[in-house]
Amino acid sequence: MQAAATQTPPEQDLVAVAEELAEHASRLARKAAALEDFAALLAHDVRSSLIVALRDEDPRKGLTRALELVDSILEAVRTDQGSTGVARLAACVHEAIADLGDSRAEIVASVTGEFPIPPDALRLVLRNMLANAVAAGAERIHVSALARGDQRVLVIDDDGVGLDSADRYATGTQLGLRLCSHLVERCGGVLELRPRAVRGTRAMIVATGGGT
């Protein structure tokens, strides 16, 4: 009887194993959800680039752009979105603007310091918000950052058609925005859209953390 008892793990060990298995299953579920969202984002962005390429007299530039989008999204997939990565705002905004390529809109950025979201994730969301503003006919886009208590807020203001327009906010109310919202939420933040008082849209990425 004593030998059988010594072979039985203590109750606390069983609880620890169960908790570890539950955490592992939770991590796998989060990764599966992330991969599903990234796959949809990849299809959405590449499709948009290919449509633009087909309308262009020289489609090679658009095709190159589509390949670059694939590379950027695959890079983000390799990033663990459950991490506590911090983005350097100026570099991240610069990269997102460069991702857009030639744009008819004037983009002005006044950001410094850090933002408590992994840089690859923030770059993807920023690129999509800027692309939405451009597609909405914005002539001027202003990117700024502010602190609100223990929160950091990244603001993208544009003078496009606005959320209440019959043309809507281009792709923003469709697949791209939903995916960006999910990505920001997985990183511990919130993506909000509001109409501006005069004209256009204000997109805000709100996150809590140690950005300065």
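Two strands are counted as paired if DSSP finds at least two bridges between them. Helices (H or I, at least four residues) and strands (E, at least two) are DSSP runs numbered from the N terminus. The model is predicted: local features need pLDDT of at least 70, side-chain atom pairs count only at pLDDT 80 or more, and totals for chains, interfaces and linings use all residues. Residues are numbered from 1 along each chain as its sequence is written, and side-chain values use heavy atoms, with hydrogens and water left out.

**View 1. The five-stranded open sheet.** The strand order is β2-β4-β5-β7-β6, and the pairing is mixed. β2 (106–110) and β6 (189–195) are the edge strands, each pairing on one side only. From one strand to the next, the twist averages 15°; axes are lines fitted to C-alpha atoms, for helices over the stretch in contact, and angles run from 0 to 180 degrees between N-to-C directions.

**View 2. Pairing of β7 with β5 and β6.** Strands β5 (residues 151–158) and β7 (residues 201–208) run antiparallel and are joined by eight bridges. V153 stands opposite V206 in β7. β6 and β7 also run antiparallel, with seven bridges joining them, and L191 faces I205 in β7 as its opposite residue. A hairpin is formed by β6 and β7, with five residues between them. In the turn, G200 has a positive phi of about 100°.

**View 3. Crossing of helices α4 and α5.** The axes of the two helices, α4 and α5, come within 8 Å and cross at roughly 50°. α4 is therefore oblique to α5, given that angles under 35 degrees count as roughly parallel, over 145 as roughly antiparallel, 65 to 115 as roughly perpendicular and the rest as oblique. The contact (heavy atoms within 4.5 Å) involves L89, C92, V93, E95, A96, I97, D99 and L100 of α4, together with P119, L122, R123, L126, R127, L130 and A131 of α5. By class, this contact of α4 with α5 has 11 nonpolar, no polar and four charged residues. Ala, Val, Leu, Ile, Met, Phe, Trp, Tyr, Cys and Pro count as nonpolar, Asp, Glu, Lys and Arg as charged, and the others, Gly among them, as polar.

**View 4. The salt bridge between R123 and D99.** The side chains of these residues, R123 and D99, meet in a salt bridge at 2.8 Å, N to O. The term denotes a side-chain nitrogen of Lys or Arg within 4 Å of a carboxyl oxygen of Asp or Glu. R123 in helix α5 and D99 in helix α4 are 24 residues apart, and the pair links distant parts of the chain. The structure holds eight salt bridges.
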